Amino acid sequence: MRRLSQMTIDELYDRKEQLLEELNSDEAKDWIYHEIVGVYEEICRRLSRCSIEERKEHGFEQMKKKLVQYLIHYGTYLKTQLKKDERIAEEAFKKVLKYDHGNPIAHYRLGFLAYKKEEYAAAQCYFEKALEYQKGYSDSEFCLNERQLYYAHLYLANSALFVAEKTYRSLEKFPDYISDQEKPAELSFLHEWLQRNEAILTMQAFTKWTSSGKEYCSKEQCEQVMMDPPKNTVVLYFSDHENVVSYDGREVCLPRDPAEMLCYFLVKTNEARPATKYDMEVFFQPRQNAGILTNTFVQKVRRLREKLRCVQVPALIDSCQFRGETAYYYNGSVDYIVMYRSDYTFLFCDEL
C-alpha cells in the first residue's frame with residue numbers, strides 16, 4: 001500500500017473509512033489505532049495548509065476532534081490493542097496538546113503519569129493546568145468528571161508538598177548561612193499531609209463493582225482478587241497493563257471496546273433494561289452517511305461471547321427484542337466483579 005504522504009486527500013478519506021470498517025468487524029489488526037491516528041494526522045496536516053474555505057469544506061475542526069478522541073481514548077493502545085503502554089500514552093497525550101492545548105483530561109493524564117514517575121514538579125504543572133483549563137472548557141467529553149476533579153486537587157497538593165519537602169531539605173546544605181532563628185519550619189507537618197493524602201489515593205485508587213453495589217479499594221486488593229478469585233464469578237479487571245476477564249482460574253485479555261461492552265452489560269443491564277445498538281453506539285465507528293447496522297451489533301456481541309467461552313464462562317448475555325430492536329442483557333446466571341481505576345473514563349457517557 002502507498003504511504004500516506006503519497007495519497008491524495010480523497011484517498012486519505014477513503015483509507016479512513018476502510019480502517020473504521022475494519023474496526024467495526026472486530027477483526028482489526030493489533031496496531032489498528034496507530035494506523036487510524038496516522039491517517040487523521042496526515043489529513044490534519046494537509047488541511048492546515050489549506051485556505052479557510054477549504055478547511056470548512058473538508059471539516060478540518062471535526063477531523064482535529066476525531067484525532068484528539070483517538071489519542072485520548074486509545075493512546076495507550078497505539079502499540080497493541082491488548083497491552084497498555086504508558087510511554088506511548090504519554091506521547092499521545094502530549095500530541096493532543098498540539099491540537100488542543102487547553103484539553104483538561106490530557107493535562108490530567110500527563111500529570112498522573114508524571115506523578116507515577118515521581119516527577120512532582122512536572123505533575124504539579126500539569127494538574128494546575130488541568131484545573132485551570134477545566135473552568136472555561138466547552139467540550140464536556142474532555143472535561144474532568146467529579147471524581148477526577150477531586151483527585152486532581154489531591155495530586156496537585158501532594159506534588160506541591162513533595163516539591164516543598166525537597167526544597168526544605170536542600171536548605172540543609174547551607175548550615176553556615178542559617179541561624180537558629182532562621183531554620184526552616186519542621187518537616188513533620190509536610191509528612192503528615194503527604195501520608196494522609198497518599199493513604200486516600202492508595203486506598204481509593206480502584207473501584208470494585210458487584211451486584212451488591214460499589215466500593216473503593218487499593219491496587220493491592222484488586223491484585224489479591226485476581227490471585228484468589230471467588231468461585232463461579234466473572235472478574236473483569238481494568239488493570240494498569242491490560243483488561244483481563246477471569247473465571248475459575250482461566251483468563252483472557254480483551255481490547256478496550258469489548259472489555260467496556262462487557263462492563264456495560266454486567267453493571268447497567270438486566271432483563272427489564274436490555275441494551276440496543278443505540279445504547280451502545282459509542283462502541284461503533286459509523287461510516288459516512290450510514291447508521292449502525294443491526295448485524296454489526298449482533299456480530300460484536302457474538303465475538304464477545306466467543307471470547308468469554310474461551311475461558312468457559314457460562315452464557316451470561318441473553319438476547320431479546322426491545323422496542324422493535326435486537327437487544328442484549330446480563331442474565332444474572334453467575335456473579336461478577338468489575339474493577340477499574342477510580343478516575344477511569346469509560347467510553348459510554350454515564351459514569352458507573
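Reader: Which residues in helix 4 meet which residues in helix 5?

Author: This is a predicted model, in which local features need pLDDT of at least 70, side-chain atom pairs count only at pLDDT 80 or more, and totals for chains, interfaces and linings use all residues. Residues are numbered from 1 along each chain as its sequence is written, and side-chain values use heavy atoms, with hydrogens and water left out. Helices (DSSP runs of H or I, at least four residues) and strands (runs of E, at least two) are numbered from the N terminus, and contact means heavy atoms within 4.5 Å. On that basis, K64, L67, V68, L71 and I72 in helix 4 meet, in helix 5, A92, F93, K95, V96 and Y99.

Reader: How are helix 4 and helix 5 oriented to each other?

Author: Axes are lines fitted to C-alpha atoms, for helices over the stretch in contact, and angles run from 0 to 180 degrees between N-to-C directions. The two axes, of helix 4 and helix 5, come within 9 Å and cross at roughly 160 degrees. Angles under 35 degrees count as roughly parallel, over 145 as roughly antiparallel, 65 to 115 as roughly perpendicular and the rest as oblique. Helix 4 and helix 5 are therefore roughly antiparallel.

Reader: What is the handedness of the crossing of helix 4 and helix 5?

Author: A crossing is left-handed if the near helix is turned anticlockwise from the far one by less than a right angle, and right-handed if clockwise. For helix 4 and helix 5 the crossing is left-handed.

Reader: How far apart are the end C-alpha atoms of helix 4, and what span should its residues have?

Author: The expected span of a helix is 1.5 Å times one less than its number of residues. Helix 4 has 15 residues (60-74), so it should span 21 Å. The distance between its end C-alpha atoms agrees with this, at 21 Å.

Reader: How many residues of helix 4 are buried, and what covers them?

Author: Buried means under 20% relative accessible area, exposed over 50%, and partly exposed in between (1.4 Å probe, protein chains only). Helix 4 is mostly covered, with 11 of its 15 residues buried; among them are F60, M63 and Y74. The cover includes helix 1, helix 2, helix 3 (52-58), helix 5 (86-99), helix 6 and helix 11.

Reader: Which residues does H73 touch, leaving aside those up to four places away in sequence?

Author: H73 belongs to helix 4. Its relative accessible area is 14%, so H73 is buried. Beyond four places in sequence, H73 touches E141, R256 and L347.

Reader: R256 meets E260 in a salt bridge; what is the N to O distance?

Author: A salt bridge is a side-chain nitrogen of Lys or Arg within 4 Å of a carboxyl oxygen of Asp or Glu. Both partners lie in helix 11 (residues 256-268), four residues apart, about one turn of the helix, and both E260 and R256 are buried. Their N to O distance is 2.7 Å.

Reader: How many residues apart in sequence are the parts that E35 and R15 tie together?

Author: The side chains of E35 and R15 form a salt bridge of 2.8 Å, N to O. E35 lies in helix 2 (residues 32-48) and R15 in helix 1 (residues 9-24), so the parts tied together are 20 residues apart in sequence.

Reader: How do helix 1 and helix 2 lie relative to each other?

Author: Helix 1 and helix 2 have axes 10 Å apart and pack at about 155 degrees, in a left-handed crossing. Residues making the contact include L12, R15 and L19 of helix 1 and E35, I36 and V39 of helix 2. By their angle, helix 1 and helix 2 are roughly antiparallel.

Reader: How many salt bridges does the count come to?

Author: Shared partners join E86, K116, K219, D240 and R341 into one network of salt bridges. By the rule already given, the count comes to 24.
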